[in-house]
Amino acid sequence: MEDEMVDLNSGSNSSKKWKVVDTRKRKKSWVQISETDSEKGNHQAKRRKEEYKCSGLQADVPLAVVEEILLNLPAHQVVRVCRLVCHEWKELVDSAAHWRVRCRREGIQPCDASLFYFLTKNRRNLLKNPRAEDQFQGWKIVRNGGDRWVAEGNRKPFPDETVTKCFVTSYGLCLKQQLIDLRKEGYSAAFMDQLQPHIKISDWYAPRCDCGSVYQICVELLDQKKRPISTFDPEPVFFPQWNDQKWCEMTHVFKNYGPGVRFIRFTHGGKDTQFWAGWYGIRVTNSSVEICPAEER
């Protein structure tokens with residue numbers, strides 16, 4: 001057994017106290033620590049090596065092959081996932097050449113390849129439940145006058161036969177609203193500020209033939225603090241009693257609205273003008289908010 005005398009006193013003037021310790025235990029403890037540090041060091045080295053390889057400094061696959069793989073993946077996956085892998089992949093995805101090739105392969109002839117391709121392929125209605133198929137899911141009720149909002153089948157066929165339901169107002173003002181978070185929908189601050197794509201609004205409305213009614217809409221482009229940057233707020237549309245209850249479309253395209261747009265607030269509704277109990281007010285359905293290529297009118 002290898003023993004050693006260890007001084008337990010730190011001060012030079014104090015009386016000495018000694019303790020016998022087993023140096024084999026201390027060595028064993030040191031060896032365990034050394035092994036742990038070694039494992040940690042190997043792990044860190046392995047991680048650095050992986051990061052080194054991911055950065056493209058030690059690429060196993062030529063970038064030309066990587067680009068061909070990216071060209072065969074869906075555009076939304078390339079933008080939202082592949083672009084974040086490493087610096088070299090980001091540069092490939094951000095390059096105009098990449099999007100020109102995509103456009104050429106798919107027969108698209110834009111003036112700005114990357115913008116046009118992304119907007120064309122990613123175009124969709126940003127409003128949830130626009131056709132009353134899920135009652136009022138996704139909508140915030142702002143005003144619920146009279147006998148309140150209801151969802152029901154269309155009294156008169158809609159131009160698109162797949163649209164069979166609508167939202168119906170009552171004799172008191174009824175308004176509902178959705179707030180669209182552009183970042184959550186995949187449109188970054190840089191994308192909106194630098195490219196300022198067109199934002200197309202569409203809303204369909206119709207009166208009852210036997211009752212007068214009024215329709216109104218307000219769409220706002222908002223900044224990060226939800227302050228209006230640009231607003232579409234047309235005059236209310238009035239319908240007299242005994243009308244042809246025809247479906248009408250309200251449209252608007254926001255252009256050149258400037259930087260800072262982060263949210264879109266869509267509000268619409270109306271009421272009947274006869275003050276009849278029940279649901280004789282304006283009907284709305286098939287509303288949409290879309291981010292569109294600038295070439296589209």
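Two strands are taken to pair if DSSP finds at least two bridges between them. On this basis the predicted model contains an open sheet of 5 strands, arranged in the order β4-β5-β13-β7-β11 with antiparallel pairing. The edge strands are β4 (150-153) and β11 (248-254), each of which pairs on one side only, and neighbouring strands of the sheet are turned against each other by 35° on average when direction is ignored. Within this arrangement, β7 and strand β13 (residues 283-292) pair in the antiparallel sense over 8 bridges, and Ala-206 has Arg-283 of β13 as its bridge partner.

Pro-197 is located in the loop between α7 (189-195) and β7 (198-206). Its relative accessibility is 2%, and because buried means under 20%, Pro-197 counts as buried. Although Pro-197 and Glu-290 are 93 residues apart along the chain, their C-alpha atoms are separated by 9.9 Å.

Turning to the helices, two packed helices are described by the angle between their axes and the distance between the axes. Helix α2 (residues 63-71) packs with helix α4 (residues 87-94) at an angle of about 55°, the axes being 11 Å apart, which means that α2 is oblique to α4. The crossing of α2 and α4 is right-handed. On the side of α2 the contact is made by Leu-63, Val-66, Glu-67 and Leu-70, and on the side of α4 by Glu-88, Trp-89, Leu-92 and Val-93; the residues of this contact divide into 6 nonpolar and 2 charged, with no polar residues.

Conventions. Residues are numbered from 1 along each chain as its sequence is written. This is a predicted model: local features need pLDDT of at least 70, side-chain atom pairs count only at pLDDT 80 or more; totals for chains, interfaces and linings use all residues. Side-chain values use heavy atoms; hydrogens and water are left out. Axes are lines fitted to C-alpha atoms, for helices over the stretch in contact, and angles run from 0 to 180 degrees between N-to-C directions. Helices (H or I, at least four residues) and strands (E, at least two) are DSSP runs, numbered from the N terminus. Angles under 35 degrees count as roughly parallel, over 145 as roughly antiparallel, 65 to 115 as roughly perpendicular and the rest as oblique. A crossing is left-handed if the near helix is turned anticlockwise from the far one by less than a right angle, and right-handed if clockwise. Contact means heavy atoms within 4.5 Å. Ala, Val, Leu, Ile, Met, Phe, Trp, Tyr, Cys and Pro count as nonpolar, Asp, Glu, Lys and Arg as charged, and the others, Gly among them, as polar. Buried means under 20% relative accessible area, exposed over 50%, partly exposed in between (1.4 Å probe, protein chains only).
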